[in-house]
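Thanks for coming, everyone. I'll take this one contact type at a time. Please have the structure up while I talk.

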Amino acid sequence: MNTFTKTVFLVLAASSASAQNLKGSAAATTRNLQTNLPYDECVDDERPRPVRSGDRYRFNLMDSDAQCADANSDLYEYGEFNNAKDSSACAKFCVNEVNDYLAGELLGFDFDCREQTCRCLYSRGT
């Protein structure tokens, strides 16, 4: 049985017009973390697609039981939300509960199922 506590999602594009604005999501790597909970309790949708002001943000699950890091294995900067019940709620937080600037800079998110913590990932200096 697959079990884990963290999942990594990377945004592919906010819309076709903004796909060129992505900053390094393709180069992201992951770090393994300790596991504990069943997959289906953490990830309700492997491809959440929240909408903000008419733009659809497209996320894909990159890895489970992992934490997103850049090509140098450095963790991304993040903003954090608590009480995210599942991965879709995390995606919605990162897209709709931030200002326009941060929504435009979003690279992806890490979701910790056990702690119900959602980390919206950004480039250094965001």
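Let me start with the rule for disulfides: two cysteine sulfur atoms count as a disulfide when they lie within 2.5 Å. By that rule, there are two disulfides here. Keep in mind that this is a predicted model.

Take C90 and C118. Their sulfurs are 2.0 Å apart, and the two form a disulfide. C90 sits in helix α2, residues 87-96, and C118 sits in strand β11, residues 117-122. The torsion about the S-S bond is 80°, and the link is right-handed. C90 and C118 are both buried.

Now C94 and C120. They form a disulfide too, again with 2.0 Å between the sulfur atoms. C94 is in helix α2 and C120 is in strand β11, 26 residues apart, and the pair links distant parts of the chain. C94 counts as buried because its relative accessibility is 0%. C120 has a relative accessible area of 1%, so C120 is buried as well. One further cysteine to note is C68: it is buried, at 2%.

Next, the core. In soluble globular proteins, nonpolar side chains tend to be buried together. The largest nonpolar core here has 18 residues. Which members touch the most others? They are F59, C90, C94, L106, F109 and F111. Helix α2, strand β10 (108-112) and strand β11 each supply at least two residues of this core. Helix α2 gives the most, with four residues.

On to the aromatics. A pair of aromatic rings is described by the distance of the centres and the angle of the planes. There are two aromatic pairs in the structure. Start with F59 and F109. Their ring centres are 4.9 Å apart and their planes are at 65°, so this pair is edge-to-face. F59 is in strand β7, residues 58-64, and F109 is in strand β10; the two are 50 residues apart, and the pair links distant parts of the chain. F59 is buried, with a relative accessible area of 0%. F109 is buried, also with a relative accessible area of 0%.

Then F81 and F93. Is this pair stacked or edge-to-face? The centres are 5.0 Å apart and the planes are at 15°, so the pair is stacked. F81 lies in strand β9 and F93 in helix α2, so the pair ties together parts that are twelve residues apart in sequence. F93 counts as partly exposed, at 23% relative accessibility.

Now the charges. How many salt bridges does the structure hold? Three.

D100 pairs with R52, with the closest N and O atoms 2.5 Å apart. D100 is in helix α3, residues 100-105, and R52 is in strand β5, residues 51-52. That puts them 48 residues apart, in distant parts of the chain. Are the two partners buried or exposed? D100 has 60% relative accessibility, so D100 counts as exposed. R52 has 12%, so R52 counts as buried.

R124 and D74 also meet in a salt bridge, at 4.0 Å from N to O. R124 lies in the segment after β11, and D74 lies in the loop between β8 (66-69) and β9 (77-82), so the pair ties together parts that are 50 residues apart in sequence. R124 is exposed, with a relative accessible area of 68%. D74 counts as partly exposed, at 32%.

The remaining bridge joins E80 and R119, and here the closest N and O atoms are 2.7 Å apart. E80 lies in strand β9 and R119 in strand β11, so parts 39 residues apart in sequence are tied together. E80 is partly exposed, with a relative accessible area of 38%.

Stay on R119 for a moment. R119 lies over the face of Y78, at 3.9 Å from the ring centre. Its salt bridge partner, again, is E80.

That's my tour. Questions, please.

Notes:
Residues are numbered from 1 along each chain as its sequence is written. This is a predicted model: local features need pLDDT of at least 70, side-chain atom pairs count only at pLDDT 80 or more; totals for chains, interfaces and linings use all residues. Side-chain values use heavy atoms; hydrogens and water are left out. Buried means under 20% relative accessible area, exposed over 50%, partly exposed in between (1.4 Å probe, protein chains only). A nonpolar core is a set of buried Ala, Val, Leu, Ile, Met, Phe, Trp, Tyr and Cys residues joined through side-chain atoms within 4.5 Å. A salt bridge is a side-chain nitrogen of Lys or Arg within 4 Å of a carboxyl oxygen of Asp or Glu. Rings of Phe, Tyr and Trp (its six-membered ring) pair if their centres lie within 6.5 Å; planes under 30 degrees apart count as stacked, over 60 as edge-to-face and the rest as tilted. A charge sits over a ring if NZ of Lys or CZ of Arg is within 6 Å of the ring centre and within 35 degrees of the ring normal.
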